[in-house]
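Please look through the sequence and the model shown here before reading on.

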Amino acid sequence: MWIEAIVMPREEESSYRPSPQRNRRALYEAARNESLQFRQRVLNYLHTHELMSAVKWVSEPGSLPMVTLRCHEQVLEQLRQAPQFEAGQSLSLGLQA
């Protein structure tokens, strides 16, 4: 059975430091690069742990370091155990009009 999982980087304990003011384009580009690098780390993890056969779809990078996967539940469980990721199952609302 395929489920939808959301993977984010695990937050580290650090105090908040506001970033210096930059223009919006630079902020967006920096966020996009961070998202692309995070997606690659998730894909590397999946390949290294031979989990790609249980993954049907991987989201494209956005402006947040977050990846959505269509995968089997065993993939979600492995990602939950990995110390570098926070992972959970997205809610299926099943709305009908």
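How many salt bridges does the structure hold? The structure holds three salt bridges, a salt bridge being a side-chain nitrogen of Lys or Arg within 4 Å of a carboxyl oxygen of Asp or Glu.

## Basis of the report

This is a predicted model, in which local features need pLDDT of at least 70 and side-chain atom pairs count only at pLDDT 80 or more, while totals for chains, interfaces and linings use all residues. Residues are numbered from 1 along each chain as its sequence is written, and side-chain values use heavy atoms, with hydrogens and water left out.

## The chain as a whole

The protein chain has two helices and four strands, where helices (H or I, at least four residues) and strands (E, at least two) are DSSP runs numbered from the N terminus. Read along the sequence, these elements follow the pattern β-α-β-β-α-β.

Of the 97 residues of the protein chain, 30% count as buried; buried means under 20% relative accessible area, exposed means over 50%, and partly exposed lies in between (1.4 Å probe, protein chains only). Among contacts (heavy atoms within 4.5 Å) between residues at least 6 apart in sequence, 69% join residues at least 24 apart. The accessible surface of the protein chain comes to about 7600 Å², and 49% of that surface belongs to carbon and sulfur atoms; such areas come from the Shrake-Rupley method with a 1.4 Å probe, and for residues only the protein chains shown count as cover.

One of the salt bridges is formed by the side chains of Glu-86 and Arg-10, with 2.8 Å from N to O. Glu-86 lies in strand β4 (residues 85–89) and Arg-10 in the loop between β1 (3–9) and α1 (24–48), so the pair ties together parts that are 76 residues apart in sequence. Glu-86 is partly exposed at 39% relative accessibility, and Arg-10 is partly exposed at 33%.

Another salt bridge joins Glu-60 to Arg-39, whose closest N and O atoms are 3.8 Å apart. This pair also links distant parts of the chain, with Glu-60 in the loop between β2 (55–58) and β3 (67–71) and Arg-39 in helix α1, 21 residues apart. Glu-60 counts as exposed, at 60% relative accessibility, whereas Arg-39 counts as buried, at 16%. Within helix α2 (residues 73–81), Glu-77 and Arg-80 are three residues apart, or about one helical turn, and their side chains meet in a salt bridge of 3.0 Å, N to O. Glu-77 has a relative accessible area of 32% and is partly exposed, as is Arg-80, at 39% relative accessibility.

## A nonpolar surface patch

Which residues form a nonpolar patch on the surface? Met-8, Leu-64 and Met-66 do, with about 270 Å² of accessible area together. Patches are made of residues with over 30% relative accessible area and no salt bridge, like charges being joined within 9 Å and nonpolar side chains (Val, Leu, Ile, Met, Phe, Trp, Tyr) within 5 Å. Met-66 has its place in the loop between β2 and β3 and counts as partly exposed, at 33% relative accessibility.

Helix α1 has 25 residues and reaches 36 Å from its first C-alpha to its last, close to the 36 Å expected at 1.5 Å a residue; the expected span is 1.5 Å times one less than the number of residues. At the start of α1, a side-chain oxygen of Asn-23 reaches to within 3.2 Å of the backbone nitrogen of Arg-25.

The buried residues of α1, among them Ala-31, Phe-38, Val-42 and Leu-46, pack against β1, β2, β3, α2 and β4. Leu-46 is buried at 0% relative accessibility, and its contacts, not counting residues up to four places away in sequence, are with Leu-51, Met-52, Val-55, Leu-69, Val-75 and Leu-79. Leu-46 and Val-75 are 29 residues apart in sequence and 8.2 Å apart in space, C-alpha to C-alpha.

## The residue after the helix

Most residues other than glycine have a negative phi. Glu-50 is found in the loop between α1 and β2, and at 71% relative accessibility Glu-50 counts as exposed.

Definitions and conventions:
A polar contact is a pair of N or O atoms within 3.5 Å; within protein, one must be able to donate a hydrogen and the other to accept it, and residues adjacent in sequence count only if both atoms are side-chain atoms.
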